[in-house]
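Me: I have a structure open that is new to me. Could we go through it together?

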Amino acid sequence: MSGSVFGTIFTVTTWGESHGRAIGAVIDGCPAGLPLDESDIAPYTERRRPGRSALSTKRREDDRTEILSGVFDGKTTGAPISLLIRNSDQHSSDYDALLGVYRPGHADYTFDAKYGIRDHRGGGRSSARETAARVAAGAVAAKLLRMTGVTFESRVTAIGGIPFSDTEAVSALIADLREKGDSVGSEVECVIRGVPAGIGDPVFNKLDARLAGAMFSIGAVKAVDIGDGRQASKENGSSHNDPFCMENGRITKKTNHAGGILGGISDGSDINLHVFFKPTPSISLLQHTVRSDGTETGLEIHGRHDPVIAPRAAVVTEGMAALVLADSMLINMTARADSFIQFYADRSS
Ligand SMILES: Cc1cc2nc3c(=O)[nH]c(=O)nc-3n(C[C@H](O)[C@H](O)[C@H](O)COP(=O)(O)O)c2cc1C
């Protein structure tokens, strides 16, 4: 299976299936000397963990991450960092009824069409369980970036089109969905602060292209807006363009409709993403589908599922954004001859 490796210099390979013994990530290319221990990762994986609120599944996954390699005396050594998260509370028998049945909205049919073999228990490699490994790796990237002043913040902005700030309406919607056995779509905002101007590339590896691709690699993501996003297609140049100005001797912008990226390269403003999630595909309402032998059937999915995805996915958007930025900022160190010459001049003097 290809496509499990992400990044160019700061690379992450995730491995494992939701109902195997463990999942994990291997980071290669993390610079040596970064202070790192498991407590740097725990706050991130804890935010993704199910069973934390009324909005998420009652599954109790213990997402404690063990660092197996690449750290000595509390610092990264430059060697591959192997991260392990053991699987527990799997309830594989919950999935017995799904053997050979294609769940609507899931990857079952397409995975079978491609590979001809599939682990029906929880979606295997297509399971959102895999995102725990990315979040753990993203926490390492975020720690590296924090040392340079780059920070990430994500929050749920809407559930089923209702602003998340309207807690009463959101709680009523979730209670209603639980009773009916249905699910609903949702939206997350992810803001990246402190990125200096000049990060990203002008053609295929535009920073916005890399960020959007990273967000689309998260299950259930159906759209990504950067800055004004789709709204820009309804605006005029006079209102959409961000006027440049000087502030404390530095070039800045009066507004940020662009979302912090111009021509694929960061402009020094906050980078602002909105990520849109479809409704959770597993619902307990009766759905029509087919089996792998071509017979038609009805399907009710009784397991433990999130009625809405954004509350657990918000930290996944942060993790993916951190992986993109760590990689892009490391790549950026090779952009100019003068910094290359200066780096080696400093070392030989
Ligand atoms: C953090 C997170 C949690 C998810 N939890 C569930 C879940 O409990 N039940 C479910 O059916 N889908 C869940 N999903 C979505 C599915 O993994 C996803 O929709 C499915 O693999 C099909 O992929 P696609 O929607 O990208 O086409 C979750 C996704 C994320 C990012």
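Me: Is Asn248 buried or exposed?
Reply: Asn248 counts as exposed, with 5 C-beta neighbours inside 10 Å.

Me: Where is Asn248 found?
Reply: Asn248 is in the loop between β12 (244-247) and β13 (250-253). Its phi is positive, about 50 degrees, although Asn248 is not a glycine. Strands are DSSP runs of E with at least two residues, helices are runs of H or I with at least four, and both are numbered from the N terminus.

Me: Before going on, how should I read the model and its numbering?
Reply: This is a predicted model, in which local features need pLDDT of at least 70 and side-chain atom pairs count only at pLDDT 80 or more, while totals for chains, interfaces and linings use all residues. Residues are numbered from 1 along each chain as its sequence is written.

Me: What about Asp73, buried or exposed?
Reply: Asp73 is exposed, with 6 other C-beta atoms within 10 Å. Asp73 lies in the loop between β5 (71-72) and β6 (75-76), and its phi is near 55 degrees, a positive value in a residue other than glycine.

Me: New topic: which residues of α4 are buried?
Reply: In α4, Val170, Ile174 and Leu177 are buried. They lie on the same side of α4 because they cover an arc of only 65 degrees around the axis; the arc is that of the directions from the helix axis to the C-beta atoms.

Me: And which residues are on the face turned away from that buried side?
Reply: That face of α4 carries the exposed residues Glu168, Ala172, Ala175, Glu179 and Lys180.

Me: What do the buried residues of α4 pack against?
Reply: They pack against β8 (151-159) and β9 (162-163). Two residues are in contact if their C-beta atoms, placed from the backbone, lie within 7 Å.

Me: What follows α4?
Reply: Gly181 follows α4, and its phi is positive, near 80 degrees.

Me: Now the ligand. Which residues come nearest?
Reply: Of the 20 residues around the ligand, Ala128, Gly219, Ala220, Ser282 and His305 come nearest. A residue is near a molecule or strand if its C-beta atom, placed from the backbone, lies within 6 Å of it.

Me: Which helix gives the most to that shell?
Reply: Helix α7 (residues 310-332) does, with 3 residues.

Methods. Buried ≥ 20, exposed ≤ 12 C-beta atoms within 10 Å, placed from the backbone.
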